[in-house]
Amino acid sequence: ELTPRIEPKSGVYVIGFTDNIGPDATNLRLSKDRAKEAKDILADELRKTGKNMPVQAIGYGEDDSRALFKNNLPEGRFFNRSVVIESIPSE
């Protein structure tokens, strides 16, 4: 489980990505929706453990400079349809 690993007062970010199939605007919206849905689930789980911290959702769409994998192969496109959760502990 993820929530026990997140330290209190950490900055928590849920980042959504998409592949490059379809219109840019649609992919950007999809990545934001994907990130928001995962953020809502994560924030709920954090609250259940007493960690009431803000969680931010960010969507990058199909931005090649931020893509996790190259979109030139089906496998890369598959893996880019995802979210990444980053937890940055406060100092």
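Let me begin with a term: a residue is buried when its relative accessible area is under 20%, exposed when that area is over 50%, and partly exposed in between, using a 1.4 Å probe and protein chains only. Hello everyone, and on to the model itself.

This is a predicted model, so local features need pLDDT of at least 70 and side-chain atom pairs count only at pLDDT 80 or more, while totals for chains, interfaces and linings use all residues. Residues are numbered from 1 along each chain as its sequence is written, and side-chain values use heavy atoms, with hydrogens and water left out.

Let's start with the overall picture. The protein has two helices and three strands, where helices (H or I, at least four residues) and strands (E, at least two) are DSSP runs numbered from the N terminus. Along the sequence they follow the pattern β-α-β-α-β. Taken along the principal axes, the C-alpha atoms fill a box of roughly 40 × 25 × 20 Å. Of the protein's 91 residues, 30% count as buried.

Now, how do strand 1 and strand 2 run? They are parallel, with five bridges joining them; strands pair if DSSP finds at least two bridges between them. One example is Val 12, whose bridge partner in strand 2 is Val 55. Between these strands the chain passes through helix 1, and this β-α-β crossover is right-handed. That term means that, with the strands pointing away from the viewer, the path from the first strand over the helix to the second runs clockwise.

Val 12 and Val 55 also belong to the largest nonpolar core, which has nine residues, including Ile 6, Leu 42 and Met 53. A nonpolar core here is a set of buried Ala, Val, Leu, Ile, Met, Phe, Trp, Tyr and Cys residues joined through side-chain atoms within 4.5 Å. Strand 1 (11-16) and helix 1 (24-48) each supply at least two of its residues, and the largest share, four residues, comes from helix 1. In soluble globular proteins, nonpolar side chains tend to be buried together.

The whole structure holds eight salt bridges, each a side-chain nitrogen of Lys or Arg within 4 Å of a carboxyl oxygen of Asp or Glu. Asp 40 forms one with Lys 36, the closest N and O atoms being 2.8 Å apart. These two residues both lie in helix 1, four residues apart, about one turn. Asp 40 also meets Lys 39 in a salt bridge, at 3.7 Å from N to O.

Further along helix 1, Arg 47 and Asp 44 sit three residues apart. Arg 47 counts as partly exposed because its relative accessibility is 48%, and Asp 44 is partly exposed at 31%. Salt bridges that share partners join Asp 44, Glu 45, Arg 47 and Lys 48 into one network. Glu 45 also lies 6.8 Å from Thr 3, C-alpha to C-alpha, although they are 42 residues apart in sequence.

Two last stops. Lys 9, in the segment before strand 1, has a positive phi near 65°. Most residues other than glycine have a negative phi. Lys 9 is exposed, because its relative accessible area is 69%.
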